[in-house]
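Reader: I would like a close look at one part of this model. Please keep it brisk.

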Amino acid sequence: MEGLNFHHLRYFWTVARKGGVRNAARFLHVSQPSISAQIRLLEESLGEKLFQRSGRKLTLTETGQLVMGY
């Protein structure tokens with residue numbers, strides 16, 4: 001899990017709590033691509049998908065739910 005940082009976890013948590021990248025980006029005052037990139041890096045470092053993407057809607061996968069529990 002090399003390269004994991006606070007932004008990965010903060011952005012993941014915020015996307016999960018706010019219901020999507022757009023709302024998380026507004027809340028954190030960062031760009032949507034920045035949020036998406038951090039989530040992608042976190043998923044790559046874990047080797048698991050954290051969100052199930054359906055159009056613009058994101059829902060937590062089982063792994064995502066487990067990570068949210070921490």
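Is histidine 8 buried or exposed?

Author: A word on the source. This is a predicted model, where local features need pLDDT of at least 70, side-chain atom pairs count only at pLDDT 80 or more, and totals for chains, interfaces and linings use all residues. Residues are numbered from 1 along each chain as its sequence is written, and side-chain values use heavy atoms, with hydrogens and water left out.

Histidine 8 counts as buried, because its relative accessibility is 3%. (Buried means under 20% relative accessible area, exposed over 50%, partly exposed in between, with a 1.4 Å probe and protein chains only.) Histidine 8 belongs to helix α1. (Helices are DSSP runs of H or I with at least four residues; strands are runs of E with at least two; both are numbered from the N terminus.) A polar atom of the histidine 8 side chain lies 2.8 Å from the backbone nitrogen of asparagine 5. (A polar contact is a pair of N or O atoms within 3.5 Å; within protein, one must be able to donate a hydrogen and the other to accept it, and residues adjacent in sequence count only if both atoms are side-chain atoms.)

Helix α1 (residues 6–18) also holds phenylalanine 12. Its partner is phenylalanine 51, in strand β1 (residues 51–54). (Rings of Phe, Tyr and Trp, the last by its six-membered ring, pair if their centres lie within 6.5 Å; planes under 30 degrees apart count as stacked, over 60 as edge-to-face and the rest as tilted.) A search of the whole structure finds one aromatic pair. Phenylalanine 12 counts as buried at 2% relative accessibility. Phenylalanine 51 counts as buried at 4%.

Next, a charge and a ring. The charged end of lysine 18 sits over the ring of phenylalanine 27, 4.2 Å from its centre. (This requires NZ of Lys or CZ of Arg within 6 Å of the ring centre and within 35 degrees of the ring normal.)

Finally, the other histidine on this tour. Histidine 29 lies in the loop between α2 and α3. Histidine 29 is exposed, with a relative accessible area of 72%. Histidine 29 has a positive phi of about 60 degrees, although it is not a glycine. To return to the request: histidine 8 is buried, whereas histidine 29 is exposed.
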